[in-house]
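Here is a guided look at one protein chain, written for someone who likes to check values against coordinates. Keep your viewer open as you read.

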Amino acid sequence: MIEEIYTFLDSIFGPMIQAYNPIVVVTVSGIILGSFFTLLNYLLVDQEKVKRLQKKSKEFQKKYKEAQAAKDEKKLKKLQQEQMELMKLQSEVMKDTMLKVTLLTMPIFWIFFGWLRRWYVEVGIVKSPFDFFLFDWFHGLYHSALPASELGYVGWYVLTSMITGYVLRKLLDMG
């Protein structure tokens, strides 16, 4: 089953992979998938509930710090109840995110990376003139033998998609 999916992806994207430099292919992939996953999150998770949670969390933290500074035990006890309500709302948001978004995106992510690995395993996508600890950290995540001066497809994809997701979340006012 997975081989058929990889063959299908090869038929669509294989010519692009063969025609362009790996950094272009992985960057475009990171931008497309990072945008797709961020938009799915935006569409499937109740953004008003997320904003309400963020606002309540900030308010709670402020009240809690003030009560601690004043050593107001009564207020601290009262805030424990508010904290329980906050945790309930947080649980709802996490459930929405996990069930709706993660269950949909993880299979796409793993299929795509399994397929991309066939093309770019142990290929340095980004090369640095010096050893860079962040590159070495990424290599440790997927047991790469690339030197610490090169970053493979996983590291470059993660950085590209994270930046894309961050910018898109700001543009969509997702907090």
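The report below moves from the overall layout to helices, single residues and aromatic rings.

## Overall layout

Please keep in mind that this is a predicted model. The protein contains six helices and two strands, and along the sequence their order is α-α-α-α-β-α-β-α. The protein is more spread out than a compact globule, because its radius of gyration is 22 Å, well over the 16 Å that the globule rule gives for 175 residues. Along the principal axes, the C-alpha atoms fill a box of roughly 65 × 40 × 30 Å.

How much of the protein is buried? Buried residues account for 34% of the 175 residues. The accessible surface is about 11,600 Å², with 64% of it belonging to carbon and sulfur atoms. If we take contacts between residues at least 6 apart in sequence, 68% of them join residues at least 24 apart.

Helix α2 covers residues 22-44. With 23 residues, α2 reaches 32 Å from its first C-alpha to its last, close to the 33 Å expected at 1.5 Å a residue. At its start, a side-chain oxygen of N21 comes to within 3.0 Å of the backbone nitrogen of I23. The buried residues of α2 are V25, V26, S29, G30, L33, G34, S35, F37, T38 and L40. What covers them includes α1 (2-19), α4 and α6.

Helix α6 spans residues 153-171, and its end C-alpha atoms are 27 Å apart, which agrees with the 27 Å that its 19 residues should span at 1.5 Å a residue. Its buried residues include Y153, V154, G155 and Y157, along with T160, S161, T164, G165 and L168. Which elements cover the buried residues of α6? Among them are α2, α4, α5 (133-141) and β2 (150-151). Just after α6, D173 has a positive phi of about 55°.

## Residues worth a click

S29 sits in helix α2. Is S29 buried or exposed? It is buried, because its relative accessible area of 10% falls under the 20% cut-off. The side chain of S29 reaches the backbone oxygen of V25 at 2.8 Å. Leaving aside residues up to four places away in sequence, S29 touches G34, F112 and Y157.

I32 also has its place in helix α2. I32 counts as exposed, because its relative accessibility of 53% is over 50%. Although I32 and T164 are 132 residues apart along the chain, their C-alpha atoms are separated by 8.7 Å.

K56 belongs to helix α3. Not counting residues up to four places away in sequence, K56 touches L86 and L89. K56 and V93 are 37 residues apart in sequence, and 13 Å apart in space from C-alpha to C-alpha.

E122 lies in the loop between α4 (73-120) and β1 (126-127). As background, most residues other than glycine have a negative phi.

The table gathers relative accessible areas for several residues.

| Residue | Relative accessible area | Class |
|---|---|---|
| S29 | 10% | buried |
| I32 | 53% | exposed |
| K56 | 40% | partly exposed |
| F60 | 9% | buried |
| Y64 | 32% | partly exposed |
| E122 | 38% | partly exposed |

## Aromatic rings

How many aromatic pairs does a search of the whole structure find? It finds 14 aromatic pairs. One of them is the stacked pair of F60 and Y64, at 5.8 Å centre to centre and 25° between the planes. The pair counts as stacked because the 25° between the planes is under 30 degrees.

F60 and Y64 both lie in helix α3 (residues 47-70), four residues apart, about one turn of the helix. An α-helix has 3.6 residues a turn, so residues three or four places apart point the same way. F60 is buried at 9% relative accessible area, whereas Y64 is partly exposed at 32%.

Ring pairs also link F13, F109, W110, F112, F113, W115, Y153 and Y157 into a cluster.

Terms used: Residues numbered from 1 in each chain as written. Predicted model: local features only at pLDDT ≥ 70, side-chain atom pairs only at ≥ 80, totals over all residues. Heavy atoms only, no water. Buried < 20%, exposed > 50% of the residue type's maximum accessible area, 1.4 Å probe, protein only. Polar contact = N/O pair within 3.5 Å; in protein donor to acceptor, adjacent residues only side chain to side chain. Contact = heavy atoms within 4.5 Å. Phe/Tyr/Trp six-rings, centres within 6.5 Å; stacked < 30°, edge-to-face > 60°. Rg over C-alpha atoms; globule rule 2.2 N^0.38 Å. Areas by Shrake-Rupley, 256 points an atom, 1.4 Å probe, with all protein chains shown as cover. Expected span 1.5 Å × (residues − 1).
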